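Reader: I would like to learn how to read a model like this one, feature by feature. Could you walk me through it?

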Amino acid sequence: MILEVLSIGLIVTACLALFLDEAVYSIAALAGTFLCTALIYVLSGAIFVAIFQFAVGVGTLAILFLSGEMLSDKQTKKTSPRMTGGLIGAGVVLSLPGIFLSISGTSASTADVSFGDALWNLRGVDVILQGLVILMVALGIAIVLHERRNGGK
Amino acid sequence: MDFVIVSIVMLVIGIYGLLTKRHLLKVFISVELIATGATLNFVTLASAIGKGLGEAFLILAFSTDTAVSAVILALLVVVSKKYGTSDISEIVSKQDDGEGEVEV
């Protein structure tokens, strides 16, 4: 049942990402697509792939938000204090499950893993390389933004 | 639940977006949807076999996908900066008019 709901959510968010006019909403729908994909990976038993999908998705979406804001040429709007307070409250509420709930079995599986095992058998090298790739992407975008701020000279 | 069909649907949605959408960001999102469909298919088949080798290859595919996304995004930003628009039709018409050409 959960897999069916997730697959429906995957398709719906993919359609929304493609057909929404506003760029920011479209990227938010793409975030839902990545989230549904990661959850499907978890339920399929591919935990590491889900973690990678989540990490890559977060990096891609952060840069996409930047690019979307750059490409849409919208008027900048100030965030109201009420909105800021709402965002802080939402962050607090979302952090409550992480404080009061725990997932059974996760701590036991990582308790006796040495660094060499984590690096080679648990593909820690891949995590490091992936982080380097995302860092390069962020640096590239920062350079482009810097060039744009300098007037493209 | 057959996720091969879901991945095919994702592939079709992405190809439809590539063929019909004219905004550069939507084209990039279409590429991402195609990559998501391909990886979903890969994960489903790898987990059905039950070996970790498929997941290892998939992590390599993620790295490649991220690099491709970085290159596409860089090209997207450069092109939109050069021509002043994100519409592919306008970019092509400006190219036909000779705007934005690099002087050698």
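**A threonine, its helix and the interface**

Author: Gladly! Let us start with a single side chain: in this predicted model, a polar atom of the A:Thr13 side chain lies 3.0 Å from the backbone oxygen of A:Leu10.

Reader: Where is A:Thr13 placed in chain A?

Author: A:Thr13 sits in helix α1 of chain A.

Reader: Is A:Thr13 buried or exposed?

Author: The idea is to compare relative accessibility with a cut-off, and buried means under 20%. A:Thr13 has 15% relative accessibility, so A:Thr13 counts as buried.

Reader: Which residues is A:Thr13 in contact with, leaving aside its neighbours within four places in sequence?

Author: They are A:Ala29, A:Gly32 and A:Thr33.

Reader: Now to the whole chain. What is the secondary structure of chain A?

Author: Chain A has seven helices and zero strands, so its elements read α-α-α-α-α-α-α from the N terminus on. Of the 153 residues in chain A, 29% are buried.

Reader: How should I read the contacts in chain A by sequence separation?

Author: Take the contacts between residues at least 6 apart in sequence, then ask what share joins residues at least 24 apart; in chain A that share is 61%.

Reader: How can I check the length of a helix such as α7(A)?

Author: Compare an expected span with the distance between the end C-alpha atoms. At 1.5 Å a residue, the 26 residues of α7(A) should span 38 Å, and the end C-alpha atoms are 37 Å apart, which agrees.

Reader: Which residues of α7(A) are buried?

Author: The buried ones are A:Gly124, A:Gln130, A:Val137, A:Ile141 and A:Val144.

Reader: And the interface: how many residues does the contact take from chain A and from chain B?

Author: The contact takes 46 residues from chain A and 37 residues from chain B. About 3600 Å² is buried between the two chains, with carbon and sulfur atoms giving 78% of that area. Between chain A and chain B there are zero salt bridges, while four residue pairs are in polar contact across the interface, both residues at pLDDT 80 or more.

Reader: Which helices of chain A each supply at least two residues of the side that touches chain B?

Author: Those are α1, α2, α3 and α7 of chain A. Helix α3(A) gives the most, with twelve residues. Sorted by class, the side of chain A that touches chain B has 28 nonpolar, twelve polar and six charged residues.

Methods
Residues numbered from 1 in each chain as written. Chains lettered and ligands numbered in written order. Predicted model: local features only at pLDDT ≥ 70, side-chain atom pairs only at ≥ 80, totals over all residues. Heavy atoms only, no water. Contact = heavy atoms within 4.5 Å. Buried area = accessible area lost by both parts, 1.4 Å probe. Salt bridge = Lys/Arg side-chain N within 4 Å of Asp/Glu carboxyl O. Polar contact = N/O pair within 3.5 Å; in protein donor to acceptor, adjacent residues only side chain to side chain. Helix = DSSP H or I, 4+ residues; strand = E, 2+ residues; numbered from the N terminus. Nonpolar A, V, L, I, M, F, W, Y, C, P; charged D, E, K, R; others polar. Expected span 1.5 Å × (residues − 1). Buried < 20%, exposed > 50% of the residue type's maximum accessible area, 1.4 Å probe, protein only.
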